[in-house]
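Trainee: Could you take me through one part of this model, slowly?

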Amino acid sequence: MNEEIIIFTQIVFIDLVLAGDNAIIIGMVASQFPAAERKKIIFWGIGGAVVLRIILTLLTAYLLQITGLRLIGGLALLYICYKLYKDILKNSNSEPNSKIKIDKSSFIKAISTVLIADFTMSLDNVLGVAGAAKDHYGLLVFGLVLSIVLMLSLIHISEPTRRRGISYAVFCLK
């Protein structure tokens, strides 16, 4: 019983740290599009993250056996963080109330960017929760559900026009 309480606490902390990054990326990309397209990007981004977390949770036992997988995920996250940082630096000379510029060349490109980011960020969350849960599958499912609920509730902080510094800080402190 004592071990399960420790595992529960670890899972809650892991989800608190790792669940918000999906929402931030989705919000940052979606905020640059008109309202109708923004809703579609948020829908596909959150939907993709939920589906990916479910699939990755089912594959967790196998994924944890792959040597170097966390390194690959970490490198992918570094690349995404670098791209965001580069965009912020490029736009730092603009007016303080202006929007962060993201390539709006196509709606499909925005969706694919969000889904690639969802994959890497869902993978690190699932691996962290699965590593903490060990053989306690009930706690693993709890961690999955908690991460989805947190991601859905955090989507509102990711609008960079109002909270640019918070969005960037939360993503990079992850």
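This is a predicted model: local features need pLDDT of at least 70, side-chain atom pairs count only at pLDDT 80 or more; totals for chains, interfaces and linings use all residues.

Which residues does Ile26 touch, not counting residues up to four places away in sequence?

Mentor: A word on the ground rules. Residues are numbered from 1 along each chain as its sequence is written, and side-chain values use heavy atoms, with hydrogens and water left out.

Now, Ile26: leaving out residues up to four places away in sequence, it touches Ile41, Ile42, Gly45, Ile46, Val114, Asp118 and Ile155. Contact here means heavy atoms within 4.5 Å.

Ile26 also belongs to the largest nonpolar core, which has 12 residues, among them Ile41, Ile46 and Val114. Such a core is a set of buried Ala, Val, Leu, Ile, Met, Phe, Trp, Tyr and Cys residues joined through side-chain atoms within 4.5 Å, with buried meaning under 20% relative accessible area (1.4 Å probe, protein chains only). Helices α2 (20-30), α3 (35-58) and α6 each supply at least two of its residues, and α2 gives the largest share, four. Helices here are DSSP runs (H or I, at least four residues), numbered from the N terminus.

As for α6, its 27 residues (107-133) should span 39 Å at 1.5 Å a residue, and the end C-alpha atoms are 38 Å apart, which agrees. The expected span is 1.5 Å times one less than the number of residues. Just after α6, Lys134 takes a positive phi of about 55°.

How far to trust it? The mean pLDDT of the protein chain is 76, with 78% of its residues at 70 or more.

Key: Buried means under 20% relative accessible area, exposed over 50%, partly exposed in between (1.4 Å probe, protein chains only). pLDDT is the predictor's confidence in each residue, from 0 to 100.
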